[in-house]
Amino acid sequence: MKNILVTGGAGFIGSNFINYILDKRDDCNIINLDKLTYAGNLENLMPSEKKENYHFIKGDISNFELVHYIFEKYKIKHVIHFAAESHVDRSILGSEIFYRTNVLGTNVLLEVARKFEVEKFLQVSTDEVYGSLGKDGLFTESTPLSPNSPYSSSKAAADMMVMSFYHTYKMPVIITRCSNNYGPYQFPEKLIPLMIINSINNKKLPVYGDGLYVRDWIYVIDHNKAVELVFEKGKIGEVYNIGASNELPNIKIIKLILSYLKKGEELIEYVKDRPGHDRRYAIDSTKIQTQLGWKPAFTFENAIADTIEWYLKNESWWKRIISGEYQKYYEIQYLSR
Ligand code: NAD
Ligand code: DAU
């Protein structure tokens, strides 16, 4: 039975990944290592927590002794690395923790993985490492890395380090680079949950700049199915872009959410732009589609409706979050804007 170390499994994408995998598979053990930062929430894992093949360890990926202990105890040969500081705005407010976790933390995992001769190390990365697009064009796997925010530069540094371990030590690594995710359990600092929750609460919806910045949206389950497929069948040493060809300007999504919730557009408030704001992201996912046979299963129309319904039905989940530590960040980020 495979023991898979999943890092960051209490966050948005990692928890959806674990719940998805353990719902259908009992032929592997998942060992979830998560520091439980503000973004980590064990409530996300309620569907999995009682399963015998699920194990949780609270800890930091930068802690060499702990990571070493976990590899030894669970005889880890497979790693899926989600753990990261993931929010661009937070990286602009303070970058240090981004480099500590995303770069140095990844280095600790790689060094221990090398010592224990892992059979597969999957680095979950992002399209933001490619920088920003103009009106035309798509990010392919050979687009040069050109990150613009402290967050994306920390992810790009980690990706380059992962590749250097492949070239230098022949470590069996693979990298996935996905576009913007949405779905259940997404922390309400990110665009879609923030706008849903503010609309429900009749709070202003802060739109950065002209609102015409474009992101390429994918439902989290489509992303996770792609991660699973790349983990099983991806070619060692390769990068796979993941995206659902669903480009939308921010303002269009915000208006769609308002209309779904039957709220008026007077809630929209244009605010000062994000510094260094990337104009457009768009993914070319031809490689994973043609080489591994992946394609997205969810339409934006249906999955965004399901997502809004999920936030409506799970008020207690997000109310606990917005009443706590997150409130302090919200004040710094928005009240003086
Ligand atoms: P998230 O912020 O929701 O979750 C991150 C998780 O990592 C949290 O549970 C947190 O507690 C944990 N963590 C943070 N620092 C840690 C540390 N030092 N040690 C152990 N655990 C730690 O992030 P997410 O949106 O789920 O993103 C997961 C991964 O996917 C990240 O690597 C991110 O770069 C990548 N990604 C995200 C998106 C997106 O749209 N959200 C798109 C593409 C790629
Ligand atoms: O592209 C993948 C990346 O997508 C991931 O690597 C990151 O982890 C994830 O956070 C996300 O980054 P973005 O910066 O694109 O996502 P965010 O939800 O923060 O913002 C989406 C867009 O909405 C962006 O153009 C900024 C804008 N925005 C965001 C917030 C939070 C607003 O206009 N107002 C807001 O309040």
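# Briefing on the fold, strand E2 and selected residues

Buried residues make up 58% of the 337 residues in the chain. The model described here is predicted. Twelve helices and twelve strands are found in the chain. The radius of gyration is 19 Å, which agrees with the value near 20 Å that a compact globule of 337 residues would have.

**Overall dimensions and surface**

- Taken along the principal axes, the box filled by the C-alpha atoms of the chain is roughly 55 × 45 × 35 Å.
- Among the contacts in the chain with a separation of 6 or more, 83% are between residues 24 or more positions apart.
- The chain exposes about 14300 Å², and 52% of this area is supplied by carbon and sulfur atoms.

- Strand E2 covers residues 28-34; because seven of its seven residues are buried, E2 is largely enclosed by the rest of the structure.
- In a regular strand, side chains alternate between the two faces of the sheet.
- In E2 both faces are covered: one side carries Cys 28, Ile 30, Asn 32 and Asp 34, the other carries Asn 29, Ile 31 and Leu 33, and all of these are buried.
- Strand E1 (residues 2-7) runs parallel to E2, and six bridges join the two.
- One of the residues with a bridge partner in E2 is Thr 7, which is paired with Leu 33.

**Phe 231 in helix H7**

- Helix H7 spans residues 220-233 and includes Phe 231.
- Phe 231 has a relative accessible area of 4%, below the 20% limit, and is therefore buried.
- Beyond its neighbours within four places in sequence, Phe 231 is in contact with Ile 4, His 78, Val 79, Ile 80, Lys 120 and Leu 122.
- Pro 147 lies 84 residues from Phe 231 in sequence, and their C-alpha atoms are 25 Å apart in space.

**Residues with positive phi**

- Most residues other than glycine have a negative phi.
- Leu 36, although not a glycine, has a positive phi of about 55 degrees.
- Leu 36 is placed in the loop between E2 and strand E3 (54-58).
- The relative accessible area of Leu 36 is 25%, so this residue is partly exposed.
- Asn 202 is another residue other than glycine with a positive phi, near 55 degrees.
- The loop that holds Asn 202 is between helix H6 (191-200) and strand E8 (205-208).

Methods. Residues are numbered from 1 along each chain as its sequence is written. Chains are lettered from A and ligands numbered from 1 in the order in which they are written. This is a predicted model: local features need pLDDT of at least 70, side-chain atom pairs count only at pLDDT 80 or more; totals for chains, interfaces and linings use all residues. Side-chain values use heavy atoms; hydrogens and water are left out. Helices (H or I, at least four residues) and strands (E, at least two) are DSSP runs, numbered from the N terminus. The radius of gyration is taken over C-alpha atoms; the globule rule is 2.2 Å times the number of residues to the power 0.38. Buried means under 20% relative accessible area, exposed over 50%, partly exposed in between (1.4 Å probe, protein chains only). Contact means heavy atoms within 4.5 Å. Accessible areas come from the Shrake-Rupley method with a 1.4 Å probe; for residues, only the protein chains shown count as cover. Two strands pair if DSSP finds at least two bridges between them.
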